[in-house]
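Thanks for asking me to look this over.

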Amino acid sequence: MVYNDDTYYFLKLITNRRVKILFVLLMPLCLFAQAQKFSEYEVKAAFLEKFTRFVEWPAEAHMEDVNKPFVIGIMGENPFNSILEKMYANQKIKNKKVEIRYISVLEDVKNCNLLFITQSKNNRVDQIQYYLKNLPILTVCDDIRYSKKGVQIMLFVESNHVYFEIDQNAVKLSGLYMNSLLLKMSKTINTKEEKQ
Amino acid sequence: MNSQNYSLYKIRLLLIFLFSVMPVYLLAQEKTLSEMTIQELMNVEVVTGSLTSLTTSKIPVSLTTITSEDIAVTPARNIADLIEIYVPGALWLNHTSPRIGIRGVIMDRNYKLLMLVNGKDMNQKGAQGATLEIGNWDLNDIERIEIIRGPGSVTFGPGAIAGIINIITKSAITSKGISMGVEDNFSYNSKGAYSCLGYTGKKFNLYAYGSLHYTSGYKNADYFAIDPNTGIAGYLDPSQGAGVMPLLGDNQGKPQIKLHFDANLLNEWRLWVRYTNSDQPALFRQKMALAAGEKVPVWFTGQKGFVTVLENNHAFNQYISLKSGVSFNSQSYYDYWVTRPLIPYDSGGFNSPHGPGNIVYDFSESHILLSSLMNVKQANEKYKYAIGASYSFDSYGPGWGKNKMYMLSNDYKIPDGRYIEDLIADGFNANTISFFSECNFGFHPLANVLLSARMDKNKYSKFFFSPRIGLISEVGKNNTFKLTWQRSVRMNTAEELYKEHYFNNMANPEVLNSFEFMYNSLLTENFLINASVSCNWGKMIGFVYDPATIKGETKPIGDLKYFTIEVEVKYKLEKFTIGVNHSYVKQISWENASGISSQGISYADYNINGLLSKGNNLNNWANNSTKVFTNIELPYHLTLHADGVIFWNWEGYGDAKLMYDAKYSNNDPAWDTLNSQLDAENFANTDVKLNVSLSKYIPKIKSTVSAYGINLLGCKRYSYSSGEKYNYPSRLMWVNEPAAVGIKINVNF
């Protein structure tokens, strides 16, 4: 078979070992996306601060004391990696610096203003609820099991978007006040009514 | 068609390529997450999991994760035990140290699986593969262990034929404060203590861990052995000679030490340093010997390793991040056969007149690794991308504190008449370069295509290419189907590559191809089911030396085809968890390569010393294994754990019996007696292992006390068989692992 110059050179090129290596390296460069997308836990991390804008803590939480940090506690295996530290390194909540704490001992949850309960299989919900009882702590989770156990806000992913559900009874028991605008944007669960 | 025109052509093509992709980089500036409203956040499309670590349901591998909570309640002596309890289709056998097998792939060296710590390859490349970490009693510094079942060299590098074991250590984030613990296994006389400190600050986190473990071993264990020449078999008499070696004890009283330090700085930098060691008698040589007036195991090994890793994970912007690292890893290994007979070279034996007769191996290896991985954080449903490269400088030399290297102890001459041992006495160097990339096409939730590719090249090897194609299909929210094809390679050991270099050859890798279909489903919020079917085929290799022609080369030893079926279910309530898995592994065919008459993989094609082919099964494997584990939360902060493993259909061992039966049946009383003995011992039949533990958490002092029992029903632990060739089946041996009890206490401050 007789090839023209370009065809000959092309065949010589694609059978060259160095070119094969270059192909492995460059192949994915063709496929850069144009739309803005984030990972699931980046978006969930961002939601935490948004929620606090619609929540008021009672006086005993001392939110007016800007010298004390706003403490976000993470209970269970950490799915955020270092996302929270990076996101809240320079961002304030309620005009307070944000401190991220990883809770390994249940008693430490009392020092949190917002508690995120992760999908760790060993989180004991009954024990967590016992310590949280009547405490002004905003509780958030992304595990459907906990949303029915009195955790106030549940984040969930549907069709590649993050939404949230609110348990109004759990909010009432905590002593927090939640703005109705947040309730309107959520899907609402009322565990007390379901039991009745 | 001259070279100048060719050069111009290449330049033209490159310019066209570059300009065609350039505009893709010009991305519009959009809002950050912090700037968005709640409504805008709900409009953001997310990728569940990150680009370089997909969520479990989406990565195209069969993955088992053992968490620190599992480790805390599971009665396990070492990582090999843990893997055997939880991982479908995994078991371990005795050899110089535990030999772990996954999905039917097991060898007399652990070089068909990769052992990683925090993603860092810890395999000994010189000769043995995974030696560090496996035999250590202390497991308290482990956050979780991720085990990938089946081949995976495209992601983790050459060597991942059977599977990958990745130990993720605890950090300051997961183990804040001070923790201490002690443990005592009364039956093995194994005592250990650990202490760790985790500190988290605004700019940095620190974690420090140290442990010390002494094990005398279980005395007077029941070792069953067969004399290869007479066929006389039975349990070794501890009162004879120098006695039998304590099971899983430290060799010559050398304790196991583990030290680990981990620091994170500015959320971007990570430095971790680790040291581990273990010295144990070879588990398949059961006796003690008198050497220089001292009782020592007839064969013992030891390994110690030090690694330091500095990593940086830098996000240039919200779209692109780069993970870079530099590491230094050094391991020292020795392997001494005290009673190894001195055989003169002329008779073609193994021993070298150039060195002490009882050293099989004594060397160290060091690696400096530079690596880089770029992640594209910006992704949509359609595309994800990662690309990376690494360079390793590898140095092989005398063991730590020694002045001569013993590695190529099979005393070979090279064509110019010199001995290889003399050539490498001071050591040798090599280097390895690797390139890897991955691309995900998310056309539709029903059709995600994953393309992965990796190339590796050692100084003494050819280029190795490991591709993978994966199709992932999500049906509804809770069902995922995955179909993959991949080609995994195993680079020969440095020892074999270097030998081959001096015979003017360059090694081909061992290759395993695998087709796997996986199904993951969350049937309800409490009920999970995983299933997989795989078909595997490949060419197994080995180093063959012919003293007559003074020629050594890596050659195929045979073609293997086999399939696996695994099913796993887990059911979890608030206070109760139960998991069950079953694995079935079956050889489809084994065919010896030309010139090979015996090997350790299968007796399906065999012809040596009157022993002829039998059966069609993998040697050293139980075709069926069923595993169950359960955790029950009781009142008063009590947790009851039980796990059980059933191995049955050790058909490969059964084929060995059939081979000898065919050779001797009805004309050798010694074989008839031995055969009856094996049947009476329930050899290669069904083995059942049962472990139980009861733990109590004491909230006031933040402590956990745990009492446990291991192997409560007693069980056999077989030794790896590299294939029978003697008059009687000397490779069919085992130890009856005793029931053992122990206690663990840990305190958190």
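This is a predicted model: local features need pLDDT of at least 70, side-chain atom pairs count only at pLDDT 80 or more; totals for chains, interfaces and linings use all residues.

1. Staying with α8(B), the helix covers residues 651-664, which makes 14 residues. From its first C-alpha to its last it reaches 20 Å, close to the 20 Å expected at 1.5 Å a residue. Its buried residues are E651(B), G652(B), Y653(B), D655(B), A656(B), K657(B), M659(B) and Y660(B). An α-helix has 3.6 residues a turn, so residues three or four places apart point the same way. Just after the helix, N666(B) has a positive phi of about 70°.

2. In chain A, 37% of the 196 residues count as buried; in chain B, 48% of the 749 residues do.

3. Taking contacts in chain B between residues at least 6 apart in sequence, 66% join residues at least 24 apart. For chain A, residues 24 or more positions apart account for 63% of the contacts with a separation of 6 or more.

4. Which residues have the most contacts inside the largest nonpolar core? They are I83(B), L113(B), L116(B) and I165(B), in a core of 128 residues. Helix α4 of chain B (residues 79-86) provides the largest share of this core, six residues. A second, separate core has 53 residues, including V71(A), I103(A), M154(A) and V162(A).

5. Setting aside neighbours within four places in sequence, L116(B) is in contact with D121(B), M122(B), F156(B), I164(B), I165(B), N166(B) and I167(B). Strand β5 of chain B spans residues 113-117 and pairs with β6(B) in the antiparallel sense over two bridges. In that pairing, V117(B) stands opposite K120(B) of β6(B).

6. Those strands belong to an open sheet of five, in the order β2-β7-β8-β5-β6 (chain B), with mixed pairing. Why is one side of β2 and of β6 in chain B left without a neighbour in the sheet? β2 (62-67) and β6 (120-121) of chain B stand at the edges with a single partner strand each, so one side of each has no neighbour there.

7. The covered face of β24(B) holds F464(B), S466(B), R468(B), G470(B), I472(B) and E474(B). Its uncovered face holds F463(B), F465(B), P467(B), I469(B), L471(B), S473(B) and V475(B).

8. What are the partners of this strand? β23(B) and β24(B) run antiparallel and are joined by 10 bridges, and they form a hairpin with four residues between them. Within that pair, D456(B) has F464(B) of β24(B) as its bridge partner. β24(B) also pairs with strand β25 of chain B (residues 479-490), in the antiparallel sense over eight bridges. There, V475(B) is bridged to N479(B) of β25(B).

9. Helix α7 of chain B (residues 494-502) is mostly covered, with seven of its nine residues buried. Those seven are A494(B), E495(B), E496(B), L497(B), Y498(B), K499(B) and E500(B). Their cover includes β21 (383-397), α6 (420-423), β22 (428-444), β23 (447-458), β27 (527-546) and β28 (551-572) of chain B. Just after α7(B), N504(B) takes a positive phi of about 60°.

10. Lastly, strand β37 of chain B (residues 734-737) has two antiparallel pairings to check. Three bridges join β37(B) to strand β12 of chain B (residues 222-226), and here D222(B) has N736(B) as its bridge partner. Four bridges join β37(B) to strand β36 of chain B (residues 715-718), with C715(B) opposite E737(B).

Key: Residues are numbered from 1 along each chain as its sequence is written. Chains are lettered from A and ligands numbered from 1 in the order in which they are written. A residue is buried if 20 or more other C-beta atoms lie within 10 Å of its own, exposed if 12 or fewer, and partly exposed in between; C-beta atoms are placed from the backbone. Two residues are in contact if their C-beta atoms, placed from the backbone, lie within 7 Å. A nonpolar core is a set of buried Ala, Val, Leu, Ile, Met, Phe, Trp, Tyr and Cys residues joined through C-beta atoms within 7 Å. Two strands pair if DSSP finds at least two bridges between them. The expected span of a helix is 1.5 Å times one less than its number of residues.
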